[in-house]
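Hello,

Here is the structure we talked about. Please have a look, then read my notes below.

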Amino acid sequence: MYRFRLPPVAVPLGLLLLLGALLPVRRAAAIGEVGGRIGGTVYIESTRDGLAGVQIVVRSPSLIGGAQRTTTAEDGSYLFQNLPPGTYELSADIEGFTPVRLTNVQVVGGQKAQVDIPLRVGGLAPGQTHTIVEKTNPALNFESAAMVTTLSNEKVSKTPIFRQIQTVLQLAPGTGPGNSPSVRGGLARYARFLIDGMDTTDIVTGGITAPMNFDAVEQYNLFIGAMDAEYNSLGAVQNMVTRSGGNRFTVDGSVFIQPAFTYDPTRYSSGDPANAQLFNNRLLYDDRPQPERSFYSGNLNLGGPVVKDKLWFFVSFQFNYNRRSVPMPAVPWHGEEVRAAYDRHADTYTYLGRAKLTWQATRDTRIQLSFNIDRNFIRNAVASTTLLPEADRRIDRGGEFIVLLWDTLLTPKLLFQLQTGLTTKRSVEDTILLRDGQPDRVTPAHTIRSQDQWNGFTYLNSPSGWDQETKYRVQFDPSLLYSTTGLGGTHNIKGGMQFAYMRYERNNGVAGGRIYTDNFVTDPMSGAIIPCDPTNPATFAACNQVRDFPESEPQGGTAGLGLSNVAQALNVGFFLQDRFTVGRWLTVVPGMRMDLGVLYDSTGAQTASLLGFGPRLSLIYDLFRDRTTLVEAHYGRHNDVGNAFVANRSNPAPISILRQWNPATRAFEERNRSGGPGGQIFAASLTPPSLDEVQAGIRREVLPQTVVGLTYVYRLYQHLWVNEEINQIWDPGGTRVVGYANGRPERIFRAATPADARRTYHGLDLWVQGNPGRFDVVASYTLAFADGTTEDYFDGYRVNPRLVSLFYGPLPDNFRHTLKAAVDYAFPFGLDIGVRVQWRTGAPQWRVFQSPEDFGFNLYRSPRGSDIGARTNDPTSWTEFRLPDQFQVDLEARYGLQKLTGQRIDIMVLLFNALNNTIVTGVDTRSGTNFGVVTRRLDNFFAQLGIRYRY
């Protein structure tokens, strides 16, 4: 293991770094560019020779500082840098040539709009001021092989998706379902979310850490693969370029409602309860009322000048309320009379606020400071009959982030950028059950009633215990971009540093310090199932086993303290890359980055350090040299050098003592224990998890502003984190522990990154994106093969060495075929129709068996992605095990009232799961009587109504 000694750090150091960023600096940074560029060559139309000394002027409502000007170089080239995303107009003028004005030039954050301008010798016709040309910039990006899907706020607003910023990533090719989807065979935790180029990714779970107002985003840049050296990501990168104020006062407000009557309550018919399948722990076919589902959202955005041409503001607020109700049956509770049927409501309240200031300090310096706050409260988060109403879950969470952007054009060729900020997040998850006005952390989790025809048994108090988390992330990313012409072509050289400090504080425990598990013992007299009652020793025979957690045991009638840990991580990355364009037909992008991660435990001791190098090389070739067809190839390596989640693994886990009931002695006897000091160690030699990616493809502009591409991708993820158990000795079948390496009945885990903890991906993407006529299209088909041994970091791989050979196979996120499209059509009379279609083949499943060692479902008898078939332990009977294919259609209709009212008012209707498809999306994979029972389906059909006003 590479050792790099740094002193333990804490939040004050991160705050000092942030404060330091607020002082005058000499250079700046960005993990992703917020601004875009317009550049190209001005040439004589008849000879195609470059023309020097031509004055170029760029204008746009997005250019809040006013028009910008430049003059072409000796070879006729020109470049405007750091332009806010939007629509621009260019004009070119020099004596002796016809002036040209070019409109509808689209600028995308982090990309260059290539606009070559031919000038004709001679003057203007009488009464003419300019020759006007529309849609001048090509739809293809000639500078990068990166797979990037760029979506404007307008496009996303016309697409029927749930109004959350994390849902947008699903629209890109090669991405799976969900808000933190697997991308091209990677882990869901690899998805990274950037706000104005600053990394705000959750330091524990990955993915989004702090939601924000949906309409506060101007543009979404979705990076899926073949990324340049400035990005270090084993998954997707979603960069959200946020809206800024301008010289004109603006208002953007909307209201969306989803009343209960818009949710289809009649998915299932009545039937025979004895033969019915389960759904969410209740019958699919019974006479109970269907659950209610409703949603309400209000959104307001304001922007305008504080000081005209100098200082602008933008503020926004959003409130969401969501209700999901689950009918509960009337059943006999142990020791009580029958409780009446009722609806349990899972209510979610979300508050989102944002403020942003933009200061044009000088002609060449722009500074942006933004603050974001979110609060989220959930009651009855589980909403299941497996918990008593007072034992359901509550979740309180929220956070803030502050982002500072500093852009300075030091010289006409040298751009300095800095993106820095602080992200915080806090969450508490606990039982709703109260004791002396506080969540009950004293009553142990145990079952309290007999099995009934619907649901089996129910817990009094949640077995999940409590979990309190606080997270901090400080980001400091300076970079320099130098553009020059010479040495055989045009160079855009970019280098920078990316620094992240992460701190994770956690306190967790189990109510009462104990969890009982029922054995379903039958009363010989009545035939009823006797539940385990921890207050009645006479029922202990029904308690199959008990797991004790000493740190959580109540002391003197008050709740135990639980286990508190602190984990810290430092990530430092350096990158250098050159975007080298030769003769306007070949672009070569070599790059290299180095990343170092240092991890610390609760004592401040360094527990691991990881060092990785990431070479990159991209080639983009203009096949016919007419700006219509690009052939591209890319190789790159990315390294995960650790975060606070991995660092926390070096801390001791809660002490857990497993005791099982011995009928002969009529007592609970210790079987094994885990956690505590010495229960968790790190391997002496560690290789950072890495991704090696090879990509090749072709892109062609088949229609004006419409591109079709075909891309092949191979990815190898290896050295993923595992937590291997190293003390238990198993029998040959992996069903029983027969001894311990150190002679003591305890489990000892070692965190390691072995080469066989891997995932492989082969994928072929056929995609289209563009604006043919009145259509706006984002669509793709993906053929994918994803196999591996690891579903996530520290999952069950290598816990039982006898089962290791069964872990390689098709992964749960291996959707062999995926077809998705988001298409909208704008009628000339103000009506827009948007359609979103999703079809994917079923995900692989894996049958799991109950282990006789600890009665947990962690024993496998066939390879990943399979079922044992008709004969146990017979490989010839193994069968592929997948869910059914999924198909969903969502619709949106939007009608603009501007022609009728003179105001920008839109009326919207969104129909989700318009076909009310009830396809199965989850089944019980546990071997037993409920094996194969449906546990989850697509949401019912539901509709939302919305109105949006913009001024």
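Strand E40 and strand E46 (residues 749–752) run parallel, joined by three bridges. Strands are DSSP runs of at least two residues, E, and helices of at least four, H or I, numbered from the N terminus; two strands pair if DSSP finds at least two bridges between them. Phe-682 stands opposite Ala-751 in E46.

The model is predicted: local features need pLDDT of at least 70, side-chain atom pairs count only at pLDDT 80 or more, and totals for chains, interfaces and linings use all residues. Residues are numbered from 1 along each chain as its sequence is written, and side-chain values use heavy atoms, without hydrogens and water.

The sheet is open, with three strands in the order E40-E46-E43 and mixed pairing. E40 (680–682) and E43 (722–725) are the edges; each has a single partner strand, so one side of each lacks a neighbour in the sheet.

Now the rings. There are 23 aromatic pairs (Phe, Tyr or the six-membered ring of Trp, centres within 6.5 Å; planes under 30 degrees apart are stacked, over 60 edge-to-face, the rest tilted). Tyr-190 and Tyr-717 are stacked, because their centres lie 6.1 Å apart and their planes at 15 degrees. They are 527 residues apart in the chain. Tyr-717 is buried at 1% relative accessibility (buried is under 20%, exposed over 50%, partly exposed in between; 1.4 Å probe, protein chains only). Tyr-190 is buried too, at 6%.

Best wishes
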